[in-house]
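Subject: Structure handover

Hello,

I am handing over the structure below, with notes on what was found in it. Please read the notes with the model open.

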Amino acid sequence: MKSGAAWLSSATQEAIDAFLAGLSNEALLALPWIFEFWALPHQLPPEGAWKTWVIMGGRGAGKTRAGAEWVRAQVEGARPSDPGRATRVALVGETVDQVREVMIFGQSGILAVSPPDRRPEWNATRKMLTWPNGATAQVYSAHDPDSLRGPQFDAAWVDELAKWKKSQETWDQLQFALRLGANPQQVVTTTPQSVPVLKAILKNPSSVVTHAPTEANRAHLAASFLEEVQTRYGGTRLGRQELEGVLIEDVDGALWTTKMLEAARDDLPEAFDRIVVAVDPPVSGKVTSDECGIVVVGVSTKGQPREWRAVVLEDATVRGSSTTWATAAVAAYHRHGADRMVAEVNQGGALVEEMIRQVDPLIAYRAVHAAVGKSARAEPVAALYEQGRIKHQCGLAALEEQMCLMTTQGFMGKGSPDRVDALVWAVTEAMIEPAKAYIGRPRVRPLI
C-alpha cells in the first residue's frame, strides 16, 4: 500500500486538489503532523505483540524520524492534555550529548516532529522532556549502564546501539527497567554492525525488524550526497552495511574480515606492470553447475618484492555453460589489457584450455594445479591483505562476501568459493610466484 506522500507524488493535480478540498480546516492543519500519512513503510510499527522493534537502515534512511514519531505515538493522547499509552520513556544513546543533539533537538528529533500544542519542554538540569499531559522522557548514556538501575519505564527508544562500547551492559540494565504498564515496548534505531548484542536481539522471538536502504529516503536527502556515497561505497561490503542496512557478520577464524577489506580501498596504484585474469572453472560445464570464478588483478612491481602492490580490478564471475564462462574470461582479458590468463585444471584438464582457445587462440594462457587445500592456498594471499599490499576497486561485494567466509578450517558458506579461488590464483600468479623467483635469483657481484 502506498503512503500518502507516495500517493501525492504520483497523483494528478486535480486529484490532489479534490483530496485537500475534502478536508476540514482542523484536518488540514493537522495533516502535516499525521506521520502515518507521510511515513515510508519501514518507518511504521509492525503489527502484532512484540517487545522490541529494530529499525535497521542505511545512513539517512529515516531511522531517527521513525524513532521520534514512535515516541510521540506512545506519549500523546487524543488531546494535548489526555494521557497516552506511555508516561515514562527512556531515551538511550551512546552519550548524553548525542541523545540531546540527535534524538531530541535534531532535525528529525522529538521536538522537531511534535505539533506546537503537544511539544514537550526540555529541562537541561534534569535531562528530561515533559509533555503537556505529564508524560516524561529521561536521557541516559550508554557510557553509564548503572544509571539505569532504579528507574522504571513503560517505553524506551534506543539509538545506534550497534556502536556503543558498553552495549551489552546498557541493554541488560534497560531490560530490567522496562517494567511499567501492560506491555512495555522499546524501539532500536541503528545502522547494523556485527556485534553480539544486536545479533542476540534479532534472534529473540519477541523482536520484529524493519529495514530500508538509504535510497528509500532519497526525497529527503541531497542528491550530491547520494551520488557521492553510492559512487564510493556502492557494491562494497561496507556499502551493504551503511547504505543498504544489511547486517554483515564476520566468521570466527576468517582469513579476511570486514575491517581488513574496508582498509583496502585507498591509495590505489595508477599503473600496473602486469595484469592477470584467473579462472576457476566449475566441475561440470552444465548451466546448473557452480559459478565460474573469474577475477582480474593488476600488480605494480616497482622496487623490491616487499614494495609491490596489487589491485583487484574486477570480479567477472558468471554462471553458465563452458562457452559462457570461456567467453566471459576472454572478454575480461581484453577489457583490461591483460598479459596472462591462468586457470585451475584439476577438474577440467585439457578441456579448460580448449574452451579458452576456441574463443581466442592467441590468449597467453597457463594452466595451474592445486596441490594443497583451498585454505592453505589462500593464507599467503590473506597475509598480503594484512600488510596492506592488496587494494580493491568498488563493485566487489559478492567476492568480499565469500572472502569473509573463508577460514583456516575451510569455506563456511554454501557451495564452492569460486570467486575466492580465482582471486587466490590471480594474486599467486601476479605477485607471489614472481616474488619467489625474484628472491631466489642469483646475485651478480658488481664490477669494480
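The second largest pocket has 24 lining residues, and Trp33, Phe35, Glu36, Arg72 and Glu76 lie nearest its centre. A pocket here is an open set of points on a 1 Å grid over the protein atoms alone, with protein on both sides within 12 Å along at least five of seven lines, and a lining residue has an atom within 4 Å of a point. The space in this second largest pocket is about 510 Å³, where a volume is the space filled by probe spheres set on the points, and grid points are joined across faces, edges and corners.

This is a predicted model, in which local features need pLDDT of at least 70 and side-chain atom pairs count only at pLDDT 80 or more, while totals for chains, interfaces and linings use all residues. Residues are numbered from 1 along each chain as its sequence is written, and side-chain values use heavy atoms, with hydrogens and water left out.

Back to the second largest pocket: helix 3 (25-30), helix 4 (35-38) and helix 5 (63-75) each supply at least two residues of its lining. Helix 5 gives the largest share, 6 residues. Helices (H or I, at least four residues) and strands (E, at least two) are DSSP runs, numbered from the N terminus. By class, the lining has 13 nonpolar, 4 polar and 7 charged residues. Ala, Val, Leu, Ile, Met, Phe, Trp, Tyr, Cys and Pro count as nonpolar, Asp, Glu, Lys and Arg as charged, and the others, Gly among them, as polar.

Glu76 also lines the largest cavity, together with Gly77, Arg79, Pro80, Arg118, Trp131, Pro132 and Asn133. A cavity is a set of grid points where a 1.4 Å probe fits but cannot get out. The largest cavity has a volume of about 40 Å³, and the whole structure holds 1 cavity of 30 Å³ or more.

Two strands pair if DSSP finds at least two bridges between them. Strand 4 (residues 128-130) and strand 5 (residues 136-141) are antiparallel and share 3 bridges, with Met128 opposite Gln138 in strand 5.

Angles run from 0 to 180 degrees between N-to-C directions, with axes fitted to C-alpha atoms, for helices over the stretch in contact; contact means heavy atoms within 4.5 Å.

The other sheet to note is open, has 6 strands in the order 13-12-9-10-11-14, and is also mixed in pairing. Strand 13 (365-368) and strand 14 (390-392) are at the edges with a single partner strand each, so one side of each has no neighbour in the sheet. Strand 9 (residues 274-280) runs parallel to strand 12 (residues 340-344), joined by 4 bridges; Ala278 has Val342 as its bridge partner there. Helix 14 (residues 350-359) lies across strand 12 and strand 13, at about 160° to strand 13.

Overall, the protein has 17 helices and 16 strands. Of its 448 residues, 48% are buried, meaning under 20% relative accessible area (1.4 Å probe, protein chains only).

Regards

Terms used: Buried < 20%, exposed > 50% of the residue type's maximum accessible area, 1.4 Å probe, protein only.
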